[in-house]
Amino acid sequence: MRLPGWITVKRRPAPSPWLVFGISLAAIAAALIVAGIFFQIYGVSPFRAYGDILRGALGSKLGVTETIRRMIPLLVIGVGLSVALRALFWNIGADGQLLMGAVAASGIALFSGLPGPLLLPAMLLGGFLAGAAWGLVPAILKARLGINDVITTLMLNYVAISIVEWLIHDPWKGPTMRGFAYTDKFPAAAILPTIAGTRIHWPTLLIGLVAAILLFLIVKRTRVGFEIRVAGENPHAARFSGISQTKVTLFAMMISGGLAGIAGVGEVAGIHHMLLAPNNISLGYGYTAIIVAWLARRNPLAVILTSFLFGVIMRGGDVIKVSLGLPFQLVNVFNGLILFFLIGSEILMRYRIRVGRRQQA
Amino acid sequence: MSWESWIVATLSRTLAYGTPLLFATLGEIYTERAGVLNLGVEGMMIVGALSAFVVAYTTGNPWLGVLVSGVVGGAFSMIHAFASITLRANQVVSGLALTMLGLGLSGVVGRSWEGWPLWTPLREVTVPGLSRIPILGPALFEGQNLLVYIAVLMAIILWFVLYKTRIGVTIRSVGEDPATADSLGVNVARVRYLCVLVGGILAGIGGGYLSVAYRPSWTDGMTAGMGWIVIALTIFAFWNPLLGLVGAYFFAMLFHLSFRLQAWLAPELLKTMPYVLAIVVLIVVSRGTLQKRMGAPSALTIPYSRGED
């Protein structure tokens, strides 16, 4: 790109955490302003819209608990994704891994015949394994054959969607559901407990929080974490220091896929209590979680913060649907804009841009 | 139903449903050939669909709608071009953002247009002479609209340009080895911008076809994941416009048969075919030399900089 003479661009060494934080905030603010202009054009006062969103998401007990309910899948998936992205594995397939986790949990809940107390642990384990397996397919394909991870993870999402559709229309269709395409309701022992009076299925939330802390420590303090960081930051150096790219990729995707699977267990066992249409199980959580992990700069602890932010946005979509009659699709406008400003702002982190002074490099 | 009318209906629906896939796939082939992966196809198609419908509805002229869908799709793709070429942002993230934005904007803006039937859809044409061929005539040359044939023509032209002209060589060299192309005086950024633009225009028209011809109306999310099939198709077609033509109709036929064969085969399983086949193709071509011969652009998803920073 050719620049006019009065702008100079120089590569920045490593940006400080504060700079990263500041630029991220500025990017979000810019996205909200552009979305505000869009509101205005659409004939809705942006102040009213943002006021409604804030009040609806944070201004009442119901608002906060519903925000947290939306945050749970984003947190659980986002924590895993932060590890996958760190290992330079593009897991666009978290939505599919979530669905496979939901499938495994539903199968165990409805057909395993396990005694009550064993049911939930088995569902969580089964969900983790199913999500991990779904995630390991593209991981193996990339590690062994060098096949593009973006494409395979993406394609497997649609395979997972079809599997769920098929199950609920055909073999698993609930005999008691009067022809609707759902499975039967889960037995009571297969339903995740919630905090009284809310839809917060706290075991899933707890798993997400614990995973965030554990993975933060693993990435920072352990051998395998060190290998992930090196492999992600400098694949060349990793190869020379004997780090196995295969091992790193498989480990990262087992975690990422498995956690996405757990998120799926949470949605079916904590919210819906049955397996139902894929777009009812996941409102694109797997995709939104990519923004969550990206905004957190692939730091598992920071995912707690960013997943809450996107919980607010999703709750905002629910609120504004009622108060202003705008479709829930609005959430996608926010997500898309934030993502664009985020990747656009990265140039500010990589380069120092000076305006108004001529300088010879 | 007699077997004849069964075949006629199947071929005819295949052609109709394959057309939007073909338009968008041709565009994505050009985009990727220049080294840019655009995962925003779904987003570009859906804004194309909405804009075509709105224009056709308000002016009564469906062709104007198609034109505008191309313009809007092209303009929309420029966001991706700016992010991924000029800012050298990650192409995967930028493409996903484009899809989210497209689905979101069309969902919000399109809400007041939902459920209105378009009284002036693209007219159906009958190709004189050819339509009298038994079976093939009524299947392929009757009851379709002009866009269907334009798509076929487009595939042939774009194939010719890509393989038989200097422009094609330039595009492929930019996707293969941008540094060498640059040293030979090719403006890499300009070629990539133009190819992303072609991709946007064609995806937009593919979307427009849906709302003014295939199902003349607007419904939220009416592209229903077509954009992702296009991503699969591009690989399935080995980045070759003519194979794109074959692939688009093949997938369209699978899609149609998934309804027709419901009694014997779960439709959901046939619907997974495009995605499974794309992965199979990737596995088959994963050996380096084969991949070269099959046309996978080496510099796909890699931003180009002259190394001056």
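Helices (H or I, at least four residues) and strands (E, at least two) are runs in the DSSP assignment, counted off from the N terminus. On that basis, chain A has 14 helices and two strands. Its radius of gyration, taken over C-alpha atoms, is 22 Å, close to the 21 Å from the globule rule (2.2 Å times the number of residues to the power 0.38) for 361 residues, so chain A is as compact as a globular protein of that length. This is a predicted model, in which local features need pLDDT of at least 70 and side-chain atom pairs count only at pLDDT 80 or more, while totals for chains, interfaces and linings use all residues. Residues are numbered from 1 along each chain as its sequence is written, and chains are lettered from A and ligands numbered from 1 in the order in which they are written.

A residue is called buried if 20 or more other C-beta atoms lie within 10 Å of its own, exposed if 12 or fewer, and partly exposed in between, with C-beta atoms placed from the backbone. Buried residues make up 53% of the 361 in chain A. Two residues are in contact if their C-beta atoms, again placed from the backbone, lie within 7 Å. Of the contacts in chain A with a separation of 6 or more, 78% are between residues 24 or more positions apart.

A:M274 shows what such a contact can look like. This residue sits in the loop between α10 (245-272) and α11 (278-281) of chain A, and counts as buried because it has 22 C-beta neighbours inside 10 Å. A:F186 is 88 residues away from A:M274 in sequence, yet their C-alpha atoms are 5.7 Å apart. Leaving out residues up to four places away in sequence, A:M274 touches A:Y182, A:T183, A:D184, A:K185, A:F186 and A:V268.

Now for chain B. Its secondary structure also comes to 14 helices and two strands. The radius of gyration of chain B is 19 Å, which agrees with the value near 19 Å for a compact globule of 309 residues. The C-alpha trace spans about 65 × 45 × 40 Å along the principal axes, and 54% of the 309 residues count as buried.

Where the chains meet, 38 residues of chain B are in contact with 39 residues of chain A. On the chain B side, at least two residues each come from α3 (62-86), α4 (91-109), α10 (226-236), α12 (267-271) and α13 (273-284). The largest share, 12 residues, belongs to α4(B).

Within chain B, α10(B) also packs against α11 (residues 241-260). Their axes (lines fitted to C-alpha atoms over the stretch in contact) come within 9 Å and cross at roughly 135°, on a scale from 0 to 180 degrees between N-to-C directions. The contact is made by B:I229, B:L233 and B:F236 of α10(B) and B:G244, B:G247, B:A248 and B:F251 of α11(B).

Most residues other than glycine have a negative phi. B:R88, in the loop between α3 and α4 of chain B, has a positive phi of about 55°. B:R88 counts as partly exposed, with 18 C-beta neighbours inside 10 Å. B:W239, in the loop between α10 and α11 of chain B, has a positive phi near 60°. B:W239 is buried, with 22 other C-beta atoms within 10 Å.
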